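Here is a short walk through the model, written for reading beside the sequence and the structure. Have both open as you go.

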Amino acid sequence: MANEERSRKELTLESIVEGKKMEAYVEHRTRDMHACTICGNIGYKKRPMKSVGGRWFCMDCIRQLKDLMDNLEKWDAEVKLENEMSKKIDESLGL
Ligand SMILES: [Zn+2]
């Protein structure tokens, strides 16, 4: 029982060491990789990246930006309405 526990601990330690080695390897390779400017994730084959103005963006963030752009007109209208409303409130308060 005690022996079993020990070997399990050793196994865990081994997997931690393996993980650290992997991290070091990935860090070593990072020079050829790019981190997303928005979310900080590293781009690789499964996470396509695009460079815009010397900065890198991952596909997930670009997709979110596209959603934002699709709703930009609506957003813009909302902001304008809000500004107009607060202006009217200011006027009615004599500010
Ligand atoms: Zn991203």
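## Helix, hairpin and a buried cysteine

Helix α2 is hardly covered: none of its twelve residues counts as buried, where buried requires 20 or more other C-beta atoms, placed from the backbone, within 10 Å of the residue's own. This is a predicted model, in which local features need pLDDT of at least 70, side-chain atom pairs count only at pLDDT 80 or more, and totals for chains, interfaces and linings use all residues. Residues are numbered from 1 along each chain as its sequence is written.

Across the protein, 3% of the 95 residues count as buried. The order of elements is α-β-β-α-α, with helices (H or I, at least four residues) and strands (E, at least two) taken as DSSP runs and numbered from the N terminus. Helix α2 reaches 16 Å from its first C-alpha to its last, close to the 16 Å expected at 1.5 Å a residue; that expectation is 1.5 Å times one less than the number of residues.

| Element | Residues |
|---|---|
| Strand β1 | 49-52 |
| Strand β2 | 55-58 |
| Helix α2 | 59-70 |

The two strands run antiparallel and are joined by four bridges; pairing requires at least two DSSP bridges. They form a hairpin with two residues between them, and G53 in the turn has a positive phi of about 55°.

Now for C58, which lies in strand β2 and is the bridge partner of M49. Why does C58 count as buried? Because it has 23 C-beta neighbours inside 10 Å. C58 touches several residues, including C36, C39 and R47, a contact meaning C-beta atoms within 7 Å.

Note on methods. Contact = placed C-beta atoms within 7 Å. Lists of a residue's contacts leave out its neighbours within four places in sequence.
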